[in-house]
Amino acid sequence: MRILVVEDDALLGDAIQAGLRQKGFVADWVRDGAAADHAIESGEHAAIVLDLGLPRRSGLEVLARLRARKDPVPVLILTARDTVEDRIAGLDAGADDYLVKPFDLGELAARLRALTRRAGGSASSTIVVGTLSLDPATREVTWRGEATALSRKEFSLLHAFMLNAGRVMSREQLAEKLYGWGEEIESNALEVHLHHLRRKLFPGVVQTLRGVGYLMPKDLA
């Protein structure tokens with residue numbers, strides 16, 4: 001999952017970005033409201049972590065502009081403003097969740113998983129495609145009941161395919177989900193990760209449609 005972090009404090013923003021990456025997210029970070037607007041318009045992110053006290057445009061302004069465009073992306077407000085009135089204002093403005101600083105990174109990650117899960121219409125934390133299952137919280141993958149160990153990028157790639165089972169995904173779409181801004185992407189990186197997935201699971205877990213993209217069948221047996 002690719003997350004946009006909007007936080008003007010340099011130390012905290014860097015720590016949130018690094019921590020979310022350790023939790024398996026792809027995290028991009030901007031430091032003001034105008035930059036947040038620009039990043040949001042790209043439509044690349046599955047959820048947004050939004051501070052309220054931002055330069056150039058407040059967090060509530062960013063949120064209002066987002067909802068005025070009918071953009072349904074989940075937004076979690078992360079702020080030091082902890083009064084009941086502040087929480088009501090944030091939620092009424094269109095936020096999906098509200099977390100007060102200081103906070104636990106594990107709780108932030110869990111809330112983001114819950115938000116993106118609900119946005120995708122799923123009540124369960126485990127994603128199941130045929131006899132393949134994946135748990136984003138525990139990072140466990142099982143194939144026909146047997147656990148399979150994957151690297152961080154392999155797990156992220158499998159997660160993207162399972163969320164889009166039955167739909168063709170292009171190289172560009174996959175790269176967008178796997179890599180954040182500034183991350184170097186080697187020309188054959190995707191093929192290498194796919195090769196490892198097929199070797200660790202089974203060859204038909206993802207099909208290559210030449211000139212079109214890649215497809216995970218919905219009926220994995």
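In helix α2 (residues 33-41), the buried residues are Gly33, Ala34, Ala36, Asp37, Ala39 and Ile40. Buried denotes a relative accessible area under 20%, exposed over 50%, and partly exposed the range in between (1.4 Å probe, protein chains only). Helices (H or I, at least four residues) and strands (E, at least two) are DSSP runs numbered from the N terminus. The model is predicted: local features need pLDDT of at least 70, side-chain atom pairs count only at pLDDT 80 or more, and totals for chains, interfaces and linings use all residues. Residues are numbered from 1 along each chain as its sequence is written, and side-chain values use heavy atoms, with hydrogens and water left out.

The buried residues of α2 pack against β1 (2-6), β2 (26-30), β3 (47-50) and α3 (59-68). Contact here means heavy atoms within 4.5 Å. Asp32 caps the N-terminal end of α2, with a side-chain oxygen 3.0 Å from the backbone nitrogen of Ala34. Gly43 follows α2 and has a positive phi, near 70°.

Two cavities of 30 Å³ or more were counted. A cavity is a set of points, on a 1 Å grid over the protein atoms alone, where a 1.4 Å probe fits but cannot get out; lining residues have an atom within 4 Å of a point. Grid points are joined across faces, edges and corners, and a volume is the space filled by probe spheres set on the points.

The second largest cavity has a volume of about 30 Å³. Its lining consists of Ile40, Ile48, Leu50, Val62, Leu63, Leu66 and Val75. Ile40 is also among the buried residues of α2. The largest share of this lining, three residues, comes from α3. By class, the lining has seven nonpolar, no polar and no charged residues. Ala, Val, Leu, Ile, Met, Phe, Trp, Tyr, Cys and Pro count as nonpolar, Asp, Glu, Lys and Arg as charged, and the others, Gly among them, as polar.

The largest cavity has a volume of about 90 Å³. Residues lining it include Met1, Phe25, Arg113, Phe155 and His159. Helix α6 (residues 152-163) gives the largest share of the lining, three residues. Four lining residues are nonpolar, three polar and three charged.

Asp86 lies in helix α4 (residues 84-92). Asp86 is partly exposed, at 25% relative accessible area. A polar contact of 2.9 Å joins its side chain to that of Thr83. Such a contact is a pair of N or O atoms within 3.5 Å; within protein, one must be able to donate a hydrogen and the other to accept it, and residues adjacent in sequence count only if both atoms are side-chain atoms. Beyond its neighbours within four places in sequence, Asp86 contacts Arg81 and Tyr98.

How values were computed. On a 1 Å grid over the protein atoms alone, a cavity is a set of points where a 1.4 Å probe fits but cannot get out, and a pocket is an open set with protein on both sides within 12 Å along at least five of seven lines; lining residues have an atom within 4 Å of a point.
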